[in-house]
Amino acid sequence: MTDKKLSGEVYYPSDEIVKNANVKNWDEVNNYALENYEGFWEDRANELSWFKKWDKVLDDSKKPFYKWFVGAKTNIAYNCLDAHVKTFRRNKLALIWEGEDGTKSNMSYYALHRETCRFANILKSLGVGKGDRVTIYMGRIPEIVTAMLACARIGAIHSVVYGGFSVEALHERLEDSQSKVLIVADGAYQRGKIVRLKDIADEALRRAATVEHVLVVKRTGHEINMESGRDMWYHELMNLPIADHGCAIEEMDAEDPLFMLYTSGTTGKPKAILHTHGGYMVGTYATLKYVFDIKEEDRYWCAADPGWITGHSYIVYGPLLNGTTSFIYEGAPNFPYPNRWWQMIERYGINLFYTAPTAIRGLMRWGNAWVNRHNLSSLRLLGSVGEPINPEAWKWYYEVVGNSKCPIMDTWWQTETGMFMITPMPCVPLKPGSGTRPFPGIEMDVVNEEGESVKPNEEGFLIIKTPWPAMVRTIYNDDDRYVDQYWGKFEGVYLTGDSAKKDEDGYFWVIGRVDDVIKVSGYRLGTAEIESALVSHDAVAEAAAIGMPHDVKGNVIYTYVILRSGIAPSDKLREELKKHVGHEVGPIAKPERIEFVDSLPKTRSGKIMRRVLKAKALGVDPGNISTLEE
């Protein structure tokens with residue numbers, strides 16, 4: 001539906017959604033936050049527990065090394081668990097878990113607190129203390145949550161590595177973090193097969209000199225190597241008397257490190273983004289509460305992996321800070337059949353569902369019947385994360401999965417931001433493909449090479465003009481790289497590395513990484529708009545576009561296309577798709593080449609690695625591909 005005030009295609013929340021929302025008037029909240037930015041975040045911080053309150057909300061005296069809640073003492077694990085155990089939430093479900101093989105388990109806040117304290121005592125008995133680094137390498141199992149919280153509880157810094165990363169990727173992260181302890185699962189289930197995590201870890205450990213202890217969680221039960229004196233079973237340690245006692249919480253300074261998380265960006269060696277206890281806690285708590293409109297009775301499912309920032313912020317910390325019930329699923333979305341996700345939403349009565357466009361497009365490929373065989377009426381809100389969502393996929397998600405009644409919270413943020421940055425709330429009118437506007441109080445813009453604001457609907461660099469609580473503090477052991485990469489291009493503002501447009505209504509349209517823009521005959525074309533045009537064709541499930549050098553045009557467009565189930569590739573279809581892109585975007589955007597493929601190179605968080613496609617097309621080394629899914 002279209003509104004007279006807002007341009008383009010606009011979808012409005014129902015009166016009931018607005019009436020029951022935590023925020024009923026976005027403009028009112030945003031205006032207050034803009035006028036009283038520190039006060040707005042102080043109000044949010046006051047909803048949480050602190051051992052000592054702050055002397056100052058924001059210290060910007062050493063830009064860009066901002067500090068939040070200066071002088072305050074807290075611990076994020078206390079707010080995730082202890083604060084709830086003292087209330088009626090003590091026996092409320094904190095986690096509901098289902099394994100790919102059908103195994104199920106639940107944990108109340110009391111049980112999760114108990115298990116976290118027990119494991120924290122185990123870590124302390126092994127000499128792990130404040131400031132020590134602990135690497136965690138597992139699949140999506142409850143123990144990954146316990147391990148993260150146990151580290152936070154005693155002040156250790158956790159470094160979670162996605163379960164399934166290569167030997168080289170794990171080794172590189174162990175070496176860079178200088179971790180004393182590795183917590184690993186024997187294996188994980190993925191599409192009915194066992195991913196042999198402990199075997200991968202053993203090989204990485206042959207080159208990792210700092211690791212003293214390896215704690216092994218038994219998940220799959222297959223035979224593994226256990227090295228005497230180094231490797232210990234998690235379940236055996238948890239049965240020792242030392243694990244039975246309570247564990248005192250470590251009082252942390254608001255600016256003490258909580259975790260480091262490696263991100264590859266688009267090129268080069270992965271870098272460790274450092275987040276802290278205080279600001280990160282306030283940012284993730286407030287954004288989840290407002291954006292996903294958390295209610296006491298909700299069951300929330302973020303279908304990401306705890307090994308990525310989405311999992312850190314919105315599987316582990318954000319939901320637990322809000323005292324909500326989270327669902328975690330171990331395996332693939334379409335195993336053994338394409339209805340696995342819809343089956344579990346129905347079974348567990350999920351209200352809030354948050355996933356990536358790549359997963360939505362993958363399931364959309366199987367058609368509507370798999371969704372329609374399940375009762376998804378429990379759903380109240382849907383969410384999208386990881387990359388811009390094509391309008392076509394947005395509409396399918398909204399109409400088929402959400403039955404045209406669930407607003408989609410299309411969120412833009414990064415490992416570095418720690419929390420949602422561009423995002424709607426349930427009360428905000430939506431435009432398919434746009435993340436709408438920045439979270440209240442946060443000022444963002446789209447600028448040209450000179451740092452000047454571009455006109456509406458013109459493409460430019462996406463920047464953040466104000467500091468925010470959950471912001472990255474630095475790159476671990478590399479302050480210079482942090483300053484140069486994020487603050488070096490435009491004075492006083494954070495460069496996101498993404499290109500975007502802002503329309504006449506102030507809605508942001510993120511296009512993709514700056515290096516995902518193709519210049520053809522002087523025209524700048526975003527890979528996302530070419531890909532969206534391809535996906536809007538009935539035959540196409542997913543697409544990726546890259547620019548290839550051309551003597552005359554500067555660049556030409558190469559595309560890779562995954563077809564929907566049951567559709568066969570042909571030269572006729574190839575020509576039809578080229579014409580379709582020309583019609584949708586313009587003749588200049590017509591691909592020079594279309595290659596039909598079965599899969600695309602993606603990071604574990606679902607982002608298409610276009611540089612890998614480009615390297616392959618050029619016949620050159622793709623560089624570091626440790627973050628690739630396959």
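Predicted model: local features only at pLDDT ≥ 70, side-chain atom pairs only at ≥ 80, totals over all residues.
**Whole chain**

Start with everything selected and colour by secondary structure. The protein chain holds 19 helices and 30 strands. Turn to the C-alpha trace next. Its atoms fill a box of roughly 70 × 55 × 50 Å along the principal axes. How does the radius of gyration fit a compact globule? For 630 residues, such a globule would have a value near 25 Å; the protein chain has 24 Å, which agrees.

Now colour by accessibility. Of the 630 residues, 63% count as buried.

Draw the contacts between residues at least 6 apart in sequence. Of these, 71% join residues at least 24 apart.

Then select the charges. There are 75 positive and 85 negative ones in the protein chain. Their mean positions lie 3 Å apart.

Most peptide bonds are trans. The next two stops are cis.

Select Lys 63 and Pro 64. A cis peptide bond joins them, with omega at about 0 degrees. Where does Pro 64 sit? Look in the loop between β1 (56-59) and β2 (67-70).

Move on to Phe 335 and Pro 336. The peptide bond joining this pair is cis too, and omega is about 0 degrees. Here Pro 336 lies in a loop that runs between a strand, β17 (325-329), and a helix, α12 (340-348).

**Positive phi**

Most residues other than glycine have a negative phi. The last two stops have a positive one.

Select Arg 191. Its phi is near 55 degrees, a positive value in a residue that is not glycine. Arg 191 belongs to the loop between β9 (188-190) and β10 (193-195). Is its side of the count buried, partly exposed or exposed? Arg 191 counts as partly exposed, because its relative accessibility is 44% and that class spans the range between the 20% and 50% cut-offs.

Finish at Asp 293. Phi is near 55 degrees here, again positive in a non-glycine residue. Asp 293 is in the loop between α10 (277-291) and β16 (299-302). Is Asp 293 buried or exposed? Its relative accessibility is 3%, so Asp 293 counts as buried; the cut-off for that class is under 20%.

Notes:
Residues numbered from 1 in each chain as written. Heavy atoms only, no water. Helix = DSSP H or I, 4+ residues; strand = E, 2+ residues; numbered from the N terminus. Rg over C-alpha atoms; globule rule 2.2 N^0.38 Å. Buried < 20%, exposed > 50% of the residue type's maximum accessible area, 1.4 Å probe, protein only. Contact = heavy atoms within 4.5 Å. Lys, Arg positive; Asp, Glu negative; His and termini not counted. Charge placed at Lys NZ, Arg CZ, Asp CG, Glu CD.
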